[in-house]
Amino acid sequence: MKLEGYVVMDVETTITPFMKRKASPFTPENWVVAGAYKGQHTDVKGEYWGDDKRGSEGWLKALLETYRPRYMVGFNIKFDVMHMIKYPMDFEAYREWIVAGGQLWDTQLAEYLLDGQIPE
């Protein structure tokens, strides 16, 4: 799988607390409600699943197979990915993408590394 370019993505989830964490991906009480992305040479696209707890199943797989991005970019993207890989087909596609050299670019971490240590 040849990877090139990038995809910027974000998901919105329900926010039922679990083990002192809001919107935890580790409980079935939380699920992905909506997702949006923009590929390097595409317009912004989005999906809304609302109350359909399994509505986003296969969404990450389709995204990775369609665009084959070298980088997947997002703010706190590890949180989004943890929600998306709950489903076996999405987990497998994500794993294959990582093995092929795919990389996450978390802009929240980048922001912290650039500005988080500045004394004010």
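**Pocket, cavity and burial in a predicted model**

Mentor: In this predicted model, the largest pocket holds about 160 Å³ of space.

Trainee: What makes this a pocket and not a cavity?

Mentor: A cavity is a set of points where a 1.4 Å probe fits but cannot get out, whereas a pocket is an open set. The space of about 160 Å³ is listed as a pocket, so by that definition it is open.

Trainee: Which residues line the largest pocket?

Mentor: The lining consists of Lys2, Glu4, Gly5, Tyr6, Val7, Gly39, Gln40, His41, Thr66, Tyr67 and Arg68. Two elements, β1 (6-13) and α1 (59-67), each give two or more residues to it.

Trainee: How do the residues of that lining divide into nonpolar, polar and charged?

Mentor: Three are nonpolar, five polar and three charged.

Trainee: How many cavities of 30 Å³ or more does a search of the whole structure find?

Mentor: The search finds one. The largest cavity holds about 30 Å³ of space, and Met1, Leu64, Glu65, Ala93 and Glu96 line it. Both α1 and α3 (88-99) supply at least two residues of this lining.

Trainee: Why are two residues of the cavity lining counted as charged?

Mentor: Glu is in the charged class, so Glu65 and Glu96 are the two. The other residues of the lining are three nonpolar ones, with no polar residue among them.

Trainee: Why is Ser56 called buried?

Mentor: Its relative accessible area is 1%. Buried means under 20%, so Ser56 qualifies. Ser56 sits in the loop between β3 (45-48) and α1. Beyond its neighbours within four places in sequence, Ser56 contacts Val32, Trp49, Met84, Tyr87 and Asp90.

Trainee: And Thr13, at 16%: why does that residue count as buried?

Mentor: A relative accessible area of 16% is also under the 20% limit, so Thr13 is buried. Thr13 belongs to strand β1. With residues up to four places away in sequence left out, Thr13 touches Ala23, Trp31, Val32, Val33, Phe79 and His83.

Trainee: What puts Pro28 in its class, buried or exposed?

Mentor: Pro28 has a relative accessible area of 64%. Exposed means over 50%, so Pro28 is exposed. Pro28 lies in the loop between β1 and β2 (32-39). Its C-alpha is 30 Å from that of Ala100, and the two residues are 72 apart in sequence.

Trainee: What elements make up the protein, and in what order do they run?

Mentor: There are four helices and five strands. From the N terminus the order is β-β-β-α-β-α-α-β-α.

Trainee: What share of the 120 residues is buried?

Mentor: Buried residues make up 39%. The protein exposes about 7700 Å², of which carbon and sulfur atoms supply 57%.

Trainee: What share of the contacts with a separation of 6 or more comes from residues 24 or more positions apart?

Mentor: Such residues account for 65% of those contacts.

Methods
Residues are numbered from 1 along each chain as its sequence is written. This is a predicted model: local features need pLDDT of at least 70, side-chain atom pairs count only at pLDDT 80 or more; totals for chains, interfaces and linings use all residues. Side-chain values use heavy atoms; hydrogens and water are left out. On a 1 Å grid over the protein atoms alone, a cavity is a set of points where a 1.4 Å probe fits but cannot get out, and a pocket is an open set with protein on both sides within 12 Å along at least five of seven lines; lining residues have an atom within 4 Å of a point. Grid points are joined across faces, edges and corners, and a volume is the space filled by probe spheres set on the points. Buried means under 20% relative accessible area, exposed over 50%, partly exposed in between (1.4 Å probe, protein chains only). Contact means heavy atoms within 4.5 Å. Accessible areas come from the Shrake-Rupley method with a 1.4 Å probe; for residues, only the protein chains shown count as cover.
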